[in-house]
Amino acid sequence: MRVIIFLLFWASSLAFEAPASQVKPSAYPQRVVSLDFALAATLVEMGLPPVGIADKHGYERWAQEPALPDSVVDLGSMYEPNLELLESIQPDLILITPYQVHIKPFLEKIAPVVSMTTYQVAGDVIEKSVKNTRELGTILGREAQAEALITSTYQAMQDAKQVVEKYAFPSFLVMRVHDKQHVWVYGENSLFQSVMSRIGLQNAWTQKTNTWGFSSQGLPAVTRANQNKETFVVFLEPMPDEGVRSLNESPLWRLQPWMQEKRYITLPPVLQYGALPAARRLSHVFVEALQSKKEKM
Amino acid sequence: MQACPNLIQSVSVKTIISFFGLILFTFGLCYLSFARTLPSLSPIQSMWSPDTAQIPQLLIHYSWLPRQFVALMAGAGLALAGVILQQVLRNPLAAPSTLGFSSGAMMALTLATIHAPWMLSFGREWVAMAGALGTGLIILALTKKRGFSPLTVILVGMFMTLYCSAVTAVLNVMDQKELWSVFLWGGGSLVQHDWQTFKQMSLPFLLSVVAAIVFVRPLSLIGLSDETAGSAGLNVNRTRMIAFLIAIFVTASIVSHVGVITFIGLAAPALLRIAGIHRFGQRLILAPIVGALLLWFVDLVVQNFGTFSGYAAPTGAVTGLFGAPIMIWLLLRTKSMFQPSVVDHGYVFRTQKPMLVAWVFFAILVLLVVIGLFLGKSQTGWVWGAQALEWRSPRVIAAWMAGALLGASGVIMQRMLRNPMASPELLGVNAGASIGMAIAILSGLGVSIVIQLGFAAVGAFGAMMFVITISRRSNYSPEKVILVGVALTSFVEGITLLMSASGDSRTLLLMSWLTGSTFRIDMTLALLSSGAAIVLLGAAFACTRMQQAVELGPAFIRNAGLNESKARLILLLLVAGMSATATIVVGPLSFVSLMAPHIARMLGVIRVHHQLLVSALIGGLLLVFGDWAGRTLFYPWQVTAPLFTCLVGGPMLIWFLMRREQHAR
């Protein structure tokens with residue numbers, strides 16, 4: 001709430017300084033730093049890639065899309081970014097999430113700071129991301145690009161929905177396998193839930209999840225909670241060891257109905273704490289995986 | 001059986017009744033969890049030959065049943081290792097978890113996950129086992145020259161724990177997102193999906209039990225003293241080595257499969273001692289039984305009630321969390337259960353010019369402060385200049401002050417407890433601060449650094465008051481204080497393991513503080529901490545005579561015209577204050593307080609005020625150097641000063657220690 005009020009003030013103060021219609025593009029922040037992957041991806045999609053992000057290597061591994069330009073500076077840790085380096089690249093805006101709010105006083109010595117909430121409170125990810133994207137558009141003077149990103153995301157989900165409707169799938173269990181005993185099952189508050197409900201796929205995991213949209217469970221508990229034998233399973237990459245094959249060594253995995261009938265798909269990495277770009281990527285890869293599965297069945 | 005009447009005589013009726021009460025309750029819980037898995041009553045054969053089309057029967061056979069067996073066996077094995085280690089090390093704090101086996105396994109897993117994932121395809125348990133065994137064997141190799149003397153083993157074991165945890169923490173900071181699977185292992189989960197774990201654990205467990213029974217006589221002799229054991233015709237060194245090998249072997253085989261489960265190895269033997277069972281032979285048989293029941297009980301509680309808001313808590317973390325209050329409760333009920341610790345510094349060299357040593361270190365410290373302030377890195381390479389003073393000066397000041405406090409408090413603590421492995425973090429003040437910080441982060445109240453540090457301060461002083469209140473009954477004798485500290489530390493470990501195994505994103509936030517950091521310090525805080533440091537260090541120098549008297553014993557305290565318990569209270573308050581201030585400034589990682597006094601001692605600085613001074617200087621320079629190196633070596637990433645000090649200082653100290661042994665021979 002405070003974030004919104006702050007943003008409103010900030011946006012209105014911008015408007016006071018120079019009415020939006022007359023403003024030159026240079027009056028808006030040009031050198032933006034993002035200490036959050038989702039906001040960094042959103043910046044790239046809006047045509048203003050960040051000048052620096054925290055944990056660049058991590059972004060390349062976990063988000064993959066959209067690609068960052070090589071010139072992006074790696075600022076180190078997300079929770080303790082290198083302040084000397086941050087100051088030296090002279091940003092004019094720093095984007096953070098509420099998890100970094102305690103270092104805000106340090107960041108504010110360098111540039112104005114805006115904090116945006118997505119995964120730090122429960123709720124529908126896409127709704128929150130749309131709101132954030134619009135706000136970013138206002139702050140950066142790129143309302144048109146923001147709207148274009150929102151439209152293209154909804155378009156991607158609409159396209160996916162039309163494909164999926166033909167098949168009449170039962171429910172899906174989306175899980176990240178950590179080892180043979182433990183999985184994270186995604187549900188309420190997750191990007192996956194948000195996208196799946198919009199492309200007409202039903203999530204089989206209806207139990208409680210945490211604020212970040214998953215539940216850390218042992219395989220037996222998941223099995224006990226979901227005894228619907230029609231369920232499809234979605235494995236999220238990266239998988240441990242040799243992927244699904246290694247799971248087959250264990251009887252409890254092997255005897256699961258979905259394993260026996262090979263009713264599972266694997267998805268390439270999609271930023272699990274992602275915003276609209278990740279939602280768009282997810283609907284693409286999800287439908288692709290389902291289509292190729294249906295062709296084989 | 002001659003032992004039986006003895007046993008019954010030595011145990012009170014109340015103890016026996018509560019023991020059987022607990023067993024009954026445990027069986028009740030067991031039935032409850034069985035009924036939850038198998039809702040309708042199916043044929044009992046489903047336990048061993050399930051109908052593969054029936055999911056509930058599959059779950060009973062492949063998950064529920066092996067889990068109960070694994071819990072029992074893991075508890076028994078850890079307690080066996082604990083009772084053997086406590087016997088040969090003659091120290092009630094010795095346990096598989098305090099000697100670094102679990103930390104070694106965790107480090108190996110973390111390293112393999114990041115740098116050699118192919119190793120994991122052979123099975124995670126083998127990597128973990130290699131880590132645990134490797135750590136144990138390194139401890140043995142390093143202590144061989146001293147004939148595996150108990151104190152050296154404990155000291156080196158503590159170093160290994162700290163060191164492995166530090167390496168793991170660095171890797172966590174750099175590659176956090178890859179490591180959730182390691183965190184899940186670290187949480188100590190007993191979830192099973194087949195009989196593999198049980199089968200793989202059984203053989204090592206049975207072998208260890210047999211070995212322990214075979215060696216029961218030498219082992220009970222060695223618990224008395226080296227002289228007694230030696231005069232009974234025992235090869236002391238060989239017996240110790242065999243005992244360690246048994247303990248390492250059984251711990252490694254359990255930890256590698258089920259992850260970090262603290263407290264059981266410590267608590268099961270301690271419970272027996274409290275129950276009045278003093279004969280080693282009896283404890284050796286009973287400890288595994290008690291340990292098995294304890295872990296099984298905790299696991300059943302977890303199975304039945306351990307799922308909250310969609311998160312199944314891992315048993316190991318819960319054990320640490322609930323073990324702590326039980327341990328403290330037991331402590332309050334017992335009068336005394338420990339023999340006084342042994343003075344064994346083993347430093348023979350004594351310098352004639354302690355002040356010269358102090359001046360040399362002061363010069364190095366000044367040099368390092370200048371380097372820390374002016375030499376840094378940028379995108380293009382090394383840069384010398386004052387351009388980043390605004391960022392660097394609070395950090396350098398904070399590192400210096402905290403280092404000085406830690407170095408000096410280590411001296412007081414080691415002298416007061418007459419134990420070279422004592423460090424202020426045993427007081428539980430750091431743990432209290434960490435609990436405060438965890439509450440600040442989890443409750444969402446910690447929205448600014450000042451509020452977060454405020455919570456940490458409240459936690460630190462709360463823990464301090466708690467420890468002081470508890471130890472008042474025993475005239476502030478330090479032995480009990482330490483156990484409270486250990487209990488609080490295990491509580492903190494429980495919290496972090498619980499958080500990290502749930503995939504809580506805020507874990508990384510808490511971890512970045514737990515690994516100690518000068519990041520949050522601004523100029524105001526730096527100056528405040530300097531003020532506090534000057535006052536506390538002044539107080540420490542003002543009461544050197546008292547420290548000396550307390551170290552020498554009650555008779556000397558009275559001779560010096562002091563009140564015994566008052567003197568101890570003053571020193572405890574002093575150490576707690578120093579430790580709390582340092583923790584608030586640079587986090588709870590206080591390796592420096594263990595290391596600095598030893599370096600001073602090694603250089604032959606013996607007298608209290610000299611050692612305080614030199615140790616404070618060394619502590620300061622270690623952290624200032626650590627801060628600078630941590631900032632520049634992994635640029636743009638920053639490894640925190642305490643962490644870096646531990647990383648580099650650990651092997652250095654071990655090397656020093658070993659070299660000194662060679663000279664001594």
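Me: Where in chain A is confidence lowest, and where is it highest?
Reply: The term pLDDT is the predictor's confidence in each residue, from 0 to 100. Chain A has a mean pLDDT of 84, with 90% of its residues at 70 or more. Confidence is lowest in helix α1 (residues 2–17) of chain A, with a mean of 46, and highest in strand β1 (residues 32–34) of chain A, at 95. Over residues 1–25 of chain A the pLDDT is below 50, and beyond near neighbours in sequence this stretch has 12 contacts in the model; a contact requires C-beta atoms, placed from the backbone, within 7 Å. Where pLDDT is low, the predicted coordinates should not be read in detail.

Me: Why is strand β7 (residues 182–186) of chain A called mostly covered?
Reply: Strands are DSSP runs of E with at least two residues, helices are runs of H or I with at least four, and both are numbered from the N terminus. A residue is buried if 20 or more other C-beta atoms lie within 10 Å of its own, exposed if 12 or fewer, and partly exposed in between, with C-beta atoms placed from the backbone. In β7(A), 5 of its 5 residues are buried, so the strand is mostly covered. On one side lie A:His182, A:Trp184 and A:Tyr186, and on the other A:Val183 and A:Val185. In a regular strand the side chains alternate between the two faces of the sheet.

Me: How do you know that β7(A) pairs with strand β9 (residues 214–218) of chain A?
Reply: Two strands pair if DSSP finds at least two bridges between them. Here 5 bridges join the antiparallel strands β7(A) and β9(A), therefore they pair. A:Val183 stands opposite A:Gln217 in β9(A).

Me: Which strands pair with β6 (residues 171–177) of chain A?
Reply: β6(A) pairs with β7(A) in the antiparallel sense over 3 bridges, and these two form a hairpin with 4 residues between them. In the parallel sense, 2 bridges join β6(A) to strand β8 (residues 202–203) of chain A, and 4 bridges join β6(A) to strand β10 (residues 232–236) of chain A. A:Met175 stands opposite A:Val185 in β7(A) and opposite A:Phe235 in β10(A).

Me: How many residues does each chain give to the contact?
Reply: Chain A gives 47 residues and chain B gives 46. Among the elements of chain A that each supply at least two residues are β7 and β9.

Conventions:
Residues are numbered from 1 along each chain as its sequence is written. Chains are lettered from A and ligands numbered from 1 in the order in which they are written. This is a predicted model: local features need pLDDT of at least 70, side-chain atom pairs count only at pLDDT 80 or more; totals for chains, interfaces and linings use all residues. Two residues are in contact if their C-beta atoms, placed from the backbone, lie within 7 Å.
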